[in-house]
Amino acid sequence: MSLQQAACNRQQAVSGRAASIVLVLLLLASACGGSASANQVLVSAASSLTNAFADIEQAFEEKHPGIDILLNVAGSSLLREQILGGAPVDVFASANPAVMQMVMDAGLADEPAIFAGNRLQIGVPHGNPAGVVGIEDFADETLLIGLCAEAVPCGVLARDILTDAGIEPAIDTSEPDVRSLLTKLEVGELDAGIVYLTDVLASDKVIGIEIPDALDPVTDYLIAVVADAPNLSGAQDFVAFVLSAEGQQILTAHGFTTP
Amino acid sequence: MTRRRRNPLGVVILAAIGLAFFALPLVGLLTRAPWTDLPHLLTSEVVLDALRLSLISSLIATSLSALLGVPLALMLARAEFPGRSLVRGLVLLPLVLPPVVAGTALLFTLGRRGVIGQPLNEATGLVLPFSIWGVVIAATLVAMPFLVITVESAVRNLDPKFERAATTLGAGRWEVLRRVTLPMIGPSLAAGLLLAWARAFGEFGATITFAGNLQGRTQTLPLAVFVALEQDRDTAVAISLVMVAISLGVLVLLRDRWWRAR
């Protein structure tokens, strides 16, 4: 009897402790939930904007100390899927007009503005060990060639360029976004890839080879406030800042052209 | 038959919530499934290529895990050597590391410019990244720890008297291992193989980082899902269903068979 009672008491103590742990977790969760929505702006930006938007974030937060920018960087098409799937995104910055168009068609973005332009280049590892000369080398089976995947803007643009040049590329990998393609060029695992001029400028391990203007290697970047942005005023402030002289100057410093 | 013990109500409720946590995402997937287009989607070249590659690479990775992982587990369980906990930590590291990091580490080691990869490439002309061997290596790295922990704990819990008896009866070390130890840990070995296969079959991060992504060469089912998600959601859901069906089938059928033998 006494043994049973002791066991019972112990059980009560344990369940009491478990209950208090659950309570603490709930309190923590509610506290976190409360502060999360305060004044944060979630910005989904194409991965080619990684460095430029990090600088823009810093400059913006200096100007608006109350607002915290959260950068969500990935391939434009993945960001689009997140937004279409209902992610609580405030601002969307896309690396090509077609991706933005799909978000607009779903009624999830209004009046996007062109805020920057970029150019594609052939990226090769430092020292160009494979001796790549131009776009013709992409048909060489013996080289390790990478492109962005067909779904991301840099992949679409690269394939358009190759098609226009009449080249059937001997691709060895289709990378999910331009940053992972750049990484594989930087470590020398790929001999050549088609990346943005801004990526080449941002990396000291990759050098760029021009693609002729005739192949139209340029693209526009669009930015828009997402239709049901949780933080509408913060989102509008951020977009205005990107389009302001200061924001445009940061983009230019990273090698983007500005409209 | 022994009397069944009842669980407290609290346990039953929490278990039900736990189950819902696993079951609901599957329900979500099923509600989005393009049932009428399914046969057409699943027989596309992309899906068949990825399925073939996934099956082949995960089976090779499981075999490699068994070949190297069982000896490793035996050493960890039985041999006394300095730094054993460090060795165990190293073996279990891939369970903790983000697979993308594991893939990058592989690139630095076995890539064309890697510490080992470069001499290997110069001597033999072999390039591991962007090949099926890259896929297999990435999958083996993340899958083998599951086999090692399962087998190690089985060997530890083994009653040594049977092995001792075999030795007394004149069996050599290999014979004891082959005819006593391995059969006795059979169910755990099977469980470890199954876990390792499941992990290899679903591997994504290390593969795309180390082996890249090319249809027919390195694009496994998980990579095909990832690429399709951004292009054609119906195909992505269809491939996911194939993965769920194969994995669930293997895990349920084989698990029942092997565990009942215990």
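What kind of link do the side chains of B:E175 and B:R179 meet in? A salt bridge, at 3.2 Å from N to O; the legends below take that pair and several other close-ups in turn. This is a predicted model, in which local features need pLDDT of at least 70 and side-chain atom pairs count only at pLDDT 80 or more, while totals for chains, interfaces and linings use all residues. Residues are numbered from 1 along each chain as its sequence is written, chains are lettered from A and ligands numbered from 1 in the order in which they are written, and side-chain values use heavy atoms, with hydrogens and water left out.

View 1. The term covers a side-chain nitrogen of Lys or Arg within 4 Å of a carboxyl oxygen of Asp or Glu. B:E175 and B:R179 sit four residues apart in helix 9 (residues 173-184) of chain B, so about one helical turn separates them. Helices here are DSSP runs of H or I with at least four residues, strands are E runs of at least two, and both are numbered from the N terminus. B:E175 is partly exposed at 31% relative accessible area, and B:R179 is exposed at 56%. For those labels, buried is under 20% relative accessible area, exposed is over 50%, and partly exposed is in between (1.4 Å probe, protein chains only).

**View 2. Two further salt bridges, one in each chain.** In chain A, A:K184 pairs with A:E175, and their closest N and O atoms are 2.9 Å apart. Both ends are tucked away: A:K184 counts as buried at 2% relative accessibility, and A:E175 counts as buried at 1%. Over in chain B, B:E203 forms a salt bridge with B:R199, with 3.2 Å between the closest N and O atoms. Here B:E203 is buried at 2%, whereas B:R199 is partly exposed at 23%. Over all chains, the structure holds 17 salt bridges.

**View 3. The disulfide of chain A.** A:C148 and A:C154 are joined by a disulfide, with 1.8 Å from S to S; the rule asks for a pair of cysteine sulfur atoms within 2.5 Å. A search of the whole structure turns up one disulfide over all chains. The link of A:C148 and A:C154 is left-handed, with -100 degrees about the S-S bond. A:C148 is buried, at a relative accessible area of 0%, and A:C154 also counts as buried, at 2%.

**View 4. Where chain B meets chain A.** On the chain B side 20 residues are in contact with 22 residues of chain A, contact being heavy atoms within 4.5 Å. Together the two chains bury about 1900 Å², with 54% of it on carbon and sulfur atoms; that is accessible area (1.4 Å probe) lost when two parts are put together, summed over both. In chain B, the residues that lose the most area to chain A are B:R112, B:F130 and B:E230, together 36% of what that side buries.

**View 5. Charges across the interface.** How many salt bridges run between chain B and chain A? The count is three. In one of them B:R233 reaches A:E81, with the closest N and O atoms 3.0 Å apart. The elements that give two or more residues to the side of chain B that touches chain A are helix 5 (99-110), helix 11 (205-210) and helix 12 (221-229) of chain B.

**View 6. Helix 3 of chain A and the residue after it.** The buried residues of helix 3 (residues 76-84) of chain A are A:S76, A:S77, A:L79, A:R80, A:E81 and A:I83. Just after this helix, A:G86 takes a positive phi of about 100 degrees.

**View 7. Positive phi away from glycine.** B:F130 is not a glycine, yet its phi is positive, about 60 degrees. B:F130 lies in the loop between helix 6 (117-124) and helix 7 (132-156) of chain B, and it is buried at 1%. A:D216 also has a positive phi, near 55 degrees, in a residue other than glycine. Its place is in the loop between strand 8 (206-209) and strand 9 (218-226) of chain A, where A:D216 counts as exposed at 52%.
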